[in-house]
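Thanks for making time this morning.

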Amino acid sequence: MIQLQDLSRTYASDEIETTALNGIDLAVEAGEFVAIMGPSGCGKSTLLNIIGTIDRPTDGRYLFEGADIARAPEAELAKLRRDRLGFVFQSFNLIDELTIAENVALGLAYRTMPAREKKDRVAAAMDRVGIAHRQRHHPHQLSGGQQQRAAIARAIVGEPRLILADEPTGNLDTENGAQVMDILGQLNAEGATIVMVTHSPSHADIAKRTVHMLDGRILSSARRAA
Amino acid sequence: MSALTSLYRSLAHHRLFALLNIGGLALGIATFLVLFLFVRFETGYDRVLPQQDRLWVMEERYVMPGYPADTNPNTMGSELKILQADYPQLVGTRYMNMAATVQQGGQATAEDLGTVDPNFFDLMRFPAVEGDPAATLADPNGLVVTQKTARKYFGSQSAIGRTLQLSIDGTTYPYKVGAVLRDMPDDVTFKSEMFAQLSRTRFGNEWWEHWGSASLTTFLRFPDAVAARAFEAQLPAFLDRHAYAGGNLKKGEYFQSLRPLTAMHLYSPGDRAIVTTLGAVGLLTLLIAIVNYVNLATARAGLRAREVAMRKVLGGTRRSLVRQFLGEALATVAVAALIGLALAEIALPFINALGGTTLAIRYVGWDGVVLPLVLLVLGIALVAGLYPAFVLSGFGPAAVLASTRAPGGGRSGTRLRSALVVVQFAIAIAFAIATGVMLKQTEHIRDADLGFRRDGLMIVRSLMTGGIDSPQRAAILRSLAAAPGVTGVTVANNAPGDQSTTNFSGYSRAGASGAKISLMDVGTGRDYFRVYGARLVAGRLFDAAHADDRGLLTLAERKRAGPNVVINRTAVTALGFASPTAALGQAINDGERDSTIIGIVDDLRFRSPRDAVTPVAYTYNTVDILSPFAAVRYAGRDAKTMMAALEAAWKRVVPGVPFEARSVEDNLYQRYYKADAQRSRLFTIGAVLAILIGCIGLYGLAAFDTARRVKEIGIRKTLGASTAEVLRLLIGQFLRPVILANLVAWPLAYVAMQRWLGGFDDRIALSPLFFVGASLAAALIASATVFGQAWRVARAEPARALRHE
């Protein structure tokens with residue numbers, strides 16, 4: 001599904017240049033569940049952001065379903081994110097001014113479809129993660145676990161082919177973390193491709209493959225024994 | 001001190017906020033200050049005179065059939081004497097302006113001479129620097145001059161006891177200077193550079209005791225307004241006893257009343273309206289600036305929430321915080337006021353040049369600006385600081401410190417800011433519409449068809465100077481006609497922008513009964529219509545070859561038989577004729593004799609575009625026109641060269657009489673268009689600044705709001721929103737209140753502009769284009785203001801935006 005070839009990302013400020021990613025080669029097949037692990041600052045989130053097209057590589061190729069999108073125009077990337085990608089963040093990134101239902105609906109806000117269908121899909125996504133009863137609340141009125149489930153509902157409402165999760169359990173207690181991982185596991189079982197950054201070895205175990213990173217490079221990539 | 005330090009750090013840390021807030025307020029205060037000075041100047045006329053509130057001016061009002069009511073602040077010459085015979089306690093004085101020529105060393109200099117009663121300066125208390133004005137004016141040959149005039153004729157030597165030869169109405173008198181007045185300020189209505197005794201034997205005309213004539217100004221003094229109004233109530237009975245008996249005035253058509261001296265400067269309702277309007281522009285611009293302060297202060301409340309929480313944790317009370325924030329508002333406004341004052345000082349010379357004013361900022365004295373400015377600062381600080389102070393001081397410390405989110409005033413705060421933006425832009429859009437209408441009307445007046453060709457035409461005003469006799473006048477006209485470039489010369493008792501005598505006769509159609517219609521009588525000389533380029537609608541013009549045009553008959557013969565008349569289109573309608581052709585050849589009767597209508601011309605608009613064109617009956621007079629103006633048509637020369645050539649031609653015949661002429665365009669501009677043009681320019685400046693200040697506020701709001709929403713935009717982009725969609729969202733959000741503002745602005749501007757245009761008889765239509773254009777412009781300007789901020793945020797990489805806290 002995606003192929004990264006000799007991909008690099010450097011950040012330049014006035015004084016120093018930081019290399020976040022250095023010569024990454026990685027392929028993810030459709031239906032895979034890949035966990036990315038490594039110490040803080042090793043480039044995990046940068047890699048996920050580039051896969052999610054919300055950041056751009058400074059060098060290398062990024063093939064998404066065969067097309068090189070490393071230097072694709074912004075509008076094309078926006079369309080890709082809208083139609084094929086779903087995002088889940090550690091800090092949920094819900095919009096405080098909107099209700100839970102409105103936040104979930106944001107996942108369809110930039111797609112053209114009948115209002116009725118949008119409404120049905122939003123209701124189904126909220127049901128799926130068990131937060132339908134909280135749809136009229138605002139994010140700050142919900143617990144961390146509920147907020148993350150709402151964020152997952154927003155990510156899946158558009159039925160994306162690839163779900164990108166950046167430490168989805170990082171801000172959650174064990175029980176809520178387990179619930180979130182259950183949902184991600186089910187989604188993968190239903191056919192969604194998932195790439196997840198995590199610090200938790202037990203949550204990485206749920207994935208089918210674990211990629212270890214250090215200092216902007218991939219150290220190893222190991223498939224879980226079936 | 002700690003509050004000031006806190007303010008300084010807050011401002012220094014948020015430079016953009018400081019710049020927008022103080023800059024916007026300073027501009028608002030500068031605009032308000034300049035317009036405040038203008039309003040105070042315009043409404044403060046004559047207040048420099050001690051006890052001016054006790055002086056009243058007699059005014060007369062005509063209500064003639066078929067003609068709009070006409071009020072003027074004059075009376076006949078002898079009315080004061082008749083009043084004092086009936087009311088012996090009455091204190092009054094008179095002022096009549098005369099044209100005089102000072103003959104000195106072979107030089108003739110035209111001067112305005114105020115002829116007044118000896119007690120004039122007892123009532124109008126101009127201070128004298130030398131001599132006794134009352135004693136001087138008791139002598140028929142005594143002369144009171146201003147310091148400026150004394151210097152002009154006698155240099156640095158004392159003027160007292162010196163003699164000036166003054167030619168008035170053709171006679172030269174030796175006047176001896178007995179008193180020198182301090183130079184009069186600009187804001188005095190009745191002023192002259194020299195004053196002499198109002199002597200009936202010297203200056204009295206045949207209308208001295210003619211009720212209804214507007215010869216001079218009569219002032220009366222009363223202890224207070226109640227006494228003045230009580231006296232005014234007796235005027236109808238007084239007129240009954242004296243005025244209507246003569247027969248030329250009818251009860252119900254002529255009235256008299258009193259007007260305070262201080263109300264004389266803004267005599268016409270149009271003048272008063274424009275001064276009120278400009279005052280409102282100043283106030284509303286200030287309001288826009290205050291709204292900016294409130295909006296920016298509450299928008300950035302979140303940035304200071306932590307400071308508030310910590311102060312409360314450390315023992316600060318809500319009251320102390322309110323005090324602190326009000327203190328900050330006061331300090332900010334004071335800084336803005338100082339900058340505003342400096343801006344006003346810098347701008348005043350330009351404003352004066354554009355607006356034709358002589359405004360100046362005085363710091364001390366009764367009209368000093370310091371006290372009003374201090375009050376203004378306190379007022380603005382209170383109005384602008386109160387709401388933000390209560391919002392900021394209301395944050396609960398526990399919630400703020402526990403939350404990672406900064407409180408932003410919530411939805412109600414956002415709504416309030418939107419509502420305030422609606423108010424700001426409603427005012428700005430209404431101003432923009434008004435500016436468009438005013439500029440278009442001013443342009444229309446400059447270019448409108450007046451019924452004659454205004455270019456290439458000079459008016460010689462000095463032809464009516466007293467002392468020029470008929471043969472001399474004829475010689476002058478011949479000499480002017482012979483000047484190079486002149487293609488035609490004519491005379492009449494009216495000219496564009498001038499009218500020497502205004503007489504109306506009541507006419508009815510011969511043989512018809514019913515109410516008489518008042519037509520203005522205009523005596524015209526040879527070639528009048530040709531020189532002006534008037535358009536003949538039907539019939540023919542006066543012609544020397546037609547003896548019955550009466551042009552060649554003597555005065556006595558003209559009085560016996562009615563002359564042929566040419567009337568204007570308005571007279572055709574007023575007299576009830578169906579069409580110009582229908583009026584042709586018909587007779588009209590002025591009560592004594594029949595006159596035949598031989599021609600109809602298009603209306604000649606010689607007077608203000610504010611006044612309706614009056615119905616006119618033109619008569620032909622080649623013998624002698626009372627108080628005539630000469631009109632000179634020329635070609636192939638510029639106005640300056642022509643003026644010099646005409647002056648040379650004039651001096652060949654009457655070298656001792658000062659020559660005074662103006663181009664018609666200049667004369668119309670000076671008399672009628674200038675004030676409106678200047679005030680339109682002042683309005684435009686105010687309106688542009690109001691819009692600018694509104695945009696400063698919108699820019700500030702956009703800057704703070706987009707900064708607050710960086711992360712949200714990142715989320716939206718992550719979810720697939722394109723740059724264009726984010727731009728639409730952000731700009732649309734700011735445009736909504738601007739578009740909503742039209743709902744308020746349009747009806748307001750419509751009503752205001754209907755009323756303003758209603759003051760003009762010759763006016764443009766209130767086209768919807770003004771409204772649509774102003775709204776589009778406002779939307780465009782607002783979009784452009786917000787665009788920079790929105791573009792920056794919309795273009796940012798989502799990953800970077802998501803890291804933003």
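Before the first pair of helices, a word on the geometry: an axis here is a line fitted to C-alpha atoms, for helices over the stretch in contact, and the angle between two axes runs from 0 to 180 degrees between their N-to-C directions. Please also keep in mind throughout that what you see is a predicted model.

With that in hand, look at chain A, where helix 4, residues 115-129, packs against helix 5 of chain A at an angle of about 140°, the two axes being 9 Å apart. Since angles over 145 degrees would count as roughly antiparallel, and those from 65 to 115 as roughly perpendicular, helix 4 of chain A is therefore described as oblique to helix 5 of chain A. The crossing of helix 4 of chain A with helix 5 of chain A is right-handed. On the helix 4 side of chain A the contact is made by A:Ala125, A:Met126, A:Arg128 and A:Val129, and on the helix 5 side of chain A by A:Arg149, A:Ile152, A:Ala153 and A:Ile156. Sorted by class, the residues of this contact are six nonpolar and two charged, with no polar ones.

Helix 5 of chain A, residues 144-156, also packs against helix 6 of chain A, residues 174-189, and here the angle is about 15°, with the axes 9 Å apart. That angle makes helix 5 of chain A roughly parallel to helix 6 of chain A, and the crossing is again a right-handed one. From helix 5 of chain A, the residues A:Gly144, A:Gly145, A:Gln148, A:Arg149, A:Ile152 and A:Ile156 take part, and they meet A:Asn176, A:Gln179, A:Val180, A:Ile183 and A:Leu187 of helix 6 of chain A. This contact divides into five nonpolar residues, five polar and one charged.

Let me turn to chain B. The domain assignment divides chain B into domain 1, covering 1-44 + 273-408, and domain 2, covering 52-263, and the C-alpha centres of these two domains of chain B lie 49 Å apart. Elsewhere in the packing of chain B, helix 10, residues 269-299, and helix 22, residues 664-708, have axes that come within 9 Å and cross at roughly 10°, so helix 10 of chain B and helix 22 of chain B are roughly parallel to each other. The contact of these two helices of chain B comprises 18 nonpolar, nine polar and two charged residues.

Finally, confidence. The model scores ipTM 0.77 and pTM 0.77. Chain A averages a pLDDT of 89, with 99% of the residues scoring at least 70, while the mean for chain B is 86, with 93% of its residues reaching 70 or more. Within chain B, confidence is lowest in helix 18 of chain B, residues 555-560, at a mean of 57, and highest in strand 10 of chain B, residues 217-221, at 96. Where pLDDT is low, the predicted coordinates should not be read in detail.

Terms used
Residues numbered from 1 in each chain as written. Chains lettered and ligands numbered in written order. Predicted model: local features only at pLDDT ≥ 70, side-chain atom pairs only at ≥ 80, totals over all residues. pLDDT = per-residue confidence, 0-100. Domains from an automatic or database assignment. Helix = DSSP H or I, 4+ residues; strand = E, 2+ residues; numbered from the N terminus. Parallel < 35°, antiparallel > 145°, perpendicular 65-115°, else oblique. Left-handed = near helix turned anticlockwise from the far one by under 90°. Contact = placed C-beta atoms within 7 Å. Nonpolar A, V, L, I, M, F, W, Y, C, P; charged D, E, K, R; others polar.
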